[in-house]
Amino acid sequence: MAAMNIPKITNVERDSLHILPLSMIPLENTSLRRARMVKNVRLESVIELFGGKGTDMGSGQIQVDKVGHEFDLSRNDDLTILKKLAKLPSFDIYSLRIQLREHDIPINDYAELRLSDHKKEELAIYMKEFTRQLILQIYGDDKDVQDYKDLIGLFQHPDIKLARRKLKTISDRLEIRLDQLPAFFEDFGDVFLSMSYYRQCFDHISPIIIDFGKSVDEVCNAYNVKSNKTLGTACHGTKKEVRRLVAVITGQFRKFDISTKRMWEQVNAEQFRTVEAMIQGSYVDIGRKLCGLTVKMDAWVRKFPYPDSGGAMQKAEFIYSDIRENIHAI
């Protein structure tokens, strides 16, 4: 009966990089299953019992190593599981698919590790190039396809003989039966969807990163910060680290684009599997970087929502105490 009170996973939680609803983990303590684990601005994994939006602002949080003082966990394995979860670098569904298995962390249903329908609709614009390339491979021109579901429908019911022949050719190249082709592309579409998701996450924080860089320059030029070597060094170092992370992430996207372009030029099983392995192999690393940057930049824009919000010293101290903290671990 108690399980009926466990809240359903929301779209925000399902689509987040830094929120893990504990209802998907088979914890014995019902109160904990109503909570969620979040990354705070210092990139610490904490248990959020109420309020907030997955940050350390305006929410009731408990450090994982102190959960045992608040709840009686002496008769179960909940604390052991929570400690394992706390070490995960990102809570996005793609990283979780890999990390939960690698760390032997139980989950109620792996089918829960999927993006919400709302998020998939948002990502349609990012998936356009993937769907366009598939249509060109099959039909040789652009068909009236609005989203990925329409595309799969075309594969299942090709309306011209030429398309059928091309489908047969591609299925031979991919070394799968013709009737397995729709399911194959649907699975592979999920791989492209993952990169679309990460690109959208990066696009979300990119303007904030630019504004943050400008703010850091202004802060470092302020007299009271210039005269404080510790704060000045922290601000310069943090900006440099953020720029490094951005360069690494954009480099990963560039590598992905080059590999997929090569794949479409010569569609075969080896090329598809190489690209698939490359993308899936990057989940944990790119998830960690985007999770860390997103948490940091979202905290910054909440603290200083406008260019004239706060003074130079206040911004410098926030960079020193929060933004800088653990940024090298991303």
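The crossing of H10 and H13 is left-handed, meaning that the near helix is turned anticlockwise from the far one by less than a right angle. You are looking at a predicted model, where local features need pLDDT of at least 70 and side-chain atom pairs count only at pLDDT 80 or more, while totals for chains, interfaces and linings use all residues. Residues are numbered from 1 along each chain as its sequence is written, and side-chain values use heavy atoms, with hydrogens and water left out.

Stop 1: Select residues 181-221 for H10 and residues 269-281 for H13. Helices here are DSSP runs of H or I with at least four residues, strands are runs of E with at least two, and both are numbered from the N terminus. The two axes come within 10 Å and cross at roughly 40°; they are lines fitted to C-alpha atoms over the stretch in contact, with angles from 0 to 180 degrees between N-to-C directions. H10 and H13 are therefore oblique to each other, the class left once angles under 35 degrees (roughly parallel), over 145 (roughly antiparallel) and 65 to 115 (roughly perpendicular) are taken out.

Now show the side chains. From H10, Phe184, Phe185, Phe188, Val191, Ser194 and Met195 meet Phe272, Val275, Glu276, Ile279 and Gln280 of H13, where contact means heavy atoms within 4.5 Å.

**Stop 2: isoleucine 279.** Stay in helix H13 and pick isoleucine 279. Its relative accessibility is 1%, so isoleucine 279 counts as buried (buried is under 20% relative accessible area, exposed over 50%, partly exposed in between, with a 1.4 Å probe and protein chains only). Beyond four places in sequence, isoleucine 279 is in contact with Val191, Ser194, Met195 and Phe256.

**Stop 3: the core.** Next, select Leu22, Met37, Ile47, Leu82, Leu85, Tyr198 and Leu290, which touch the most other members of the 90-residue largest nonpolar core. Helix H10 gives the most to this core, with 18 residues. Centre on tyrosine 198; the residues it touches, beyond four places in sequence, include Leu17, Asp92, Phe253, Tyr283 and Leu290.

**Stop 4: two loops.** Finish with backbone angles. Leucine 43, in the loop between strands S2 (36-39) and S3 (45-51), has a positive phi of about 65° although it is not a glycine. Aspartate 104, between helices H5 (93-102) and H6 (117-122), has a positive phi of about 55°. Aspartate 104 is exposed, with a relative accessible area of 62%.

Key. Core = buried A, V, L, I, M, F, W, Y, C linked by side-chain atoms within 4.5 Å.
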